[in-house]
Amino acid sequence: MNERKKWYKLDNAALLYPAVATSRWCSIFRVSVELSAPADPVLLEEALRRTLSRFPALKVRIRSGLFWHYLEEIHAPMPVFPDAGHPCMPFRLRRHTGYLFRVLYRGNRISAEFFHVLTDGFGGMTFLKTLTVQYLRLAGHPEVAADHGALPVTEAPIPEETRDMFCCMDLPHTRVSRDAPRAWHFPAIKEIPHTLHLIAASMDTSSLLDRCHALGVTVTEYLVAAMLFVAQQEQISLAPKHLRPVRVSVPINMRRLVPTRTLRNFSTFINPGIDPALGEYTFEEICRSVRAYMAYYSDPKLLKATIATNVADEKHFLIRLVPLFIKNWCISSVYHRAGEKLFTSTLSNLGRLDLPTGTDDLIRSFEMRTKPSLQVRRRYGMRRLHRPRVGLF
C-alpha cells in the first residue's frame, strides 16, 4: 500500500504566483555563489542530495485542487544542470521531475533558481549557503562550518521551518487601502523573442557607506533614492507636461519584526516614491523623503495591517468557495490591471551576508538576480505571451 504523500498549503504571499504565471513567464529569482575554484558537477550533485534532506518544503511539486493550488512532496532524485541559458528561465515541469527550483553550475559559479511559491530571498540564500558548505566539505575542506546562515544537514528539519507565518501572526482587524495613483514606467525598446539584457556592476562598500552616512540614510534608502532620482530626470526629459509619481517597490523581511525560523515566504512590500508633478526634487530631498517614508511604513503595526488585508481576502468565506479556475482568472486580471502599475521599478536587497566559517579563501562573492517584470515583458518583449491551453500547472 502506497504511503500517503505529505502536502503543504501555499503561503499567503505564494497564492499570487501560479495565477499570473504563463508558459513563458513566471516569478523566479536566482541566488549565486562564486567560488575560488571551478565547480565539480559530480560533487555538486552529491552535495545537493545531502542538502535536500534538510529542506523538505523544497522537495515538492505544485498541484491544482478544486479551490486552491497546493504543494505535494516528491521523492524523485534532483539533478544539477549546466548553466547554459538565460538566468531565470521558466520551468518546464514535465522535463524537470516537477521540482520548482533548479541548481546550475558554470565555471566557478553555483546558482539556485526558485519559483517564488517556494520561498523568498532569505530562504533561497539559506539553501544556497547550506549547499555550498556541503559542496566545499566534499571538495576537501572539512574545516568549513555550517553557520552564519548555513544549516547543518545532520539535524532533522524543525516544523517551524515549513510554517506559513502569515496565518500564524497576531494580526489586527484593521485593513489598509491598496489604492494608489498609477506610477510612471521607463520606456523600453521592443526586442526579438528570447532576448535578455543584464548589467552587472560592483562598488566599494566603504565608499558607499561613507556616502550613506553623510546623507543620514541606510544603503537600501540610498539605492532607492538613486533609482527615484534617475526615474525623475528621465521622465522630465521625456514627458515634462505629463508627470506621474515614481516609486520603487522594496521587500521587507518580516523575520526582523517577527522572530521565526520559517524558510517559506515571509516578506511584504512597501513603495517609497516621489511625485515630480509637485516640483523637481534634488537628490538630498529624495533621500530625506525616502528615509521618512521607510521609517513610517516599516512600522510593525502598519506592516501587520497590510498583511492582514491580504490574509483576510484568503480567509473570506465566499472567496474560499470559488473554484480555482475562477480565482486564477480574477487574480490574474487584477494583477495585470493594477499590480505592477503601482511602482516604477523594484529593488531587492538581501542585506549583509556573512560567510560561513572557513570559507574566506574559498568564496569570492554572492549575488541575487530577479526575473524581468511581467508588465515590461508583455509590453516590450514577446507579443504572444499567452497562457497554455491546459494551464501551466
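Buried means under 20% relative accessible area. All views show a predicted model.

**Figure 1**
Along the principal axes, the C-alpha atoms fill a box of roughly 65 × 55 × 45 Å. Buried residues account for 42% of the 393 residues. Of the contacts between residues at least 6 apart in sequence, 77% join residues at least 24 apart. The accessible surface comes to about 21100 Å², and carbon and sulfur atoms hold 56% of that area.

**Figure 2. Cysteine 88, in the loop between strand S5 (81-82) and S6.**
The relative accessibility of cysteine 88 is 1%, under the 20% limit, so the residue counts as buried. Its phi is positive, about 60°, although cysteine 88 is not a glycine. Most residues other than glycine have a negative phi.

**Figure 3. Histidine 148, in the loop between H3 and helix H4 (205-215).**
Histidine 148 also has a positive phi in a residue other than glycine, here near 55°. With 42% relative accessibility, histidine 148 counts as partly exposed.

**Figure 4. The largest nonpolar core, with 51 residues.**
Phe101, Val103, Ile110, Phe114, Leu118 and Phe127 touch the most other members of this core. At least two residues each come from strand S2 (28-35), helix H2 (41-52), strand S3 (60-64), strand S6 (101-106), strand S7 (109-115), helix H3 (121-138) and strand S12 (363-370). H3 gives the largest share, seven residues. A second, separate core has 31 residues, among them Met165, Val250, Leu303 and Leu347. In soluble globular proteins, nonpolar side chains tend to be buried together.

**Figure 5. Isoleucine 110 and its contacts.**
Leaving aside neighbours within four places in sequence, isoleucine 110 is in contact with Val31, Ser32, Val33, Leu35, Ala39 and Leu44, among others. The contacts of isoleucine 110 also include Val103, Leu104, Leu128, Leu131 and Tyr135. Isoleucine 110 is one of the residues that touch the most other members of the largest nonpolar core.

**Figure 6. Leucine 10, in the loop between strand S1 (7-9) and helix H1 (16-20).**
Leucine 10 counts as buried, at 2% relative accessibility. Apart from neighbours within four places in sequence, leucine 10 is in contact with Leu15, Pro18, His69, Tyr70, Leu71, Val117, Asp164 and Arg264. Leucine 263 lies 253 residues from leucine 10 in sequence, and their C-alpha atoms are 13 Å apart in space.

**Figure 7. Asparagine 12, in the loop between S1 and H1.**
Asparagine 12 is buried, with a relative accessible area of 11%. Not counting residues up to four places away in sequence, asparagine 12 touches Asp164, Phe166, Asn310, Val311 and Glu314. Asp164 is also in contact with leucine 10. From asparagine 12 to phenylalanine 101 the separation is 89 residues in sequence and 19 Å in space, C-alpha to C-alpha.

Technical notes: Residues are numbered from 1 along each chain as its sequence is written. This is a predicted model: local features need pLDDT of at least 70, side-chain atom pairs count only at pLDDT 80 or more; totals for chains, interfaces and linings use all residues. Side-chain values use heavy atoms; hydrogens and water are left out. Buried means under 20% relative accessible area, exposed over 50%, partly exposed in between (1.4 Å probe, protein chains only). Contact means heavy atoms within 4.5 Å. Accessible areas come from the Shrake-Rupley method with a 1.4 Å probe; for residues, only the protein chains shown count as cover. Helices (H or I, at least four residues) and strands (E, at least two) are DSSP runs, numbered from the N terminus. A nonpolar core is a set of buried Ala, Val, Leu, Ile, Met, Phe, Trp, Tyr and Cys residues joined through side-chain atoms within 4.5 Å.
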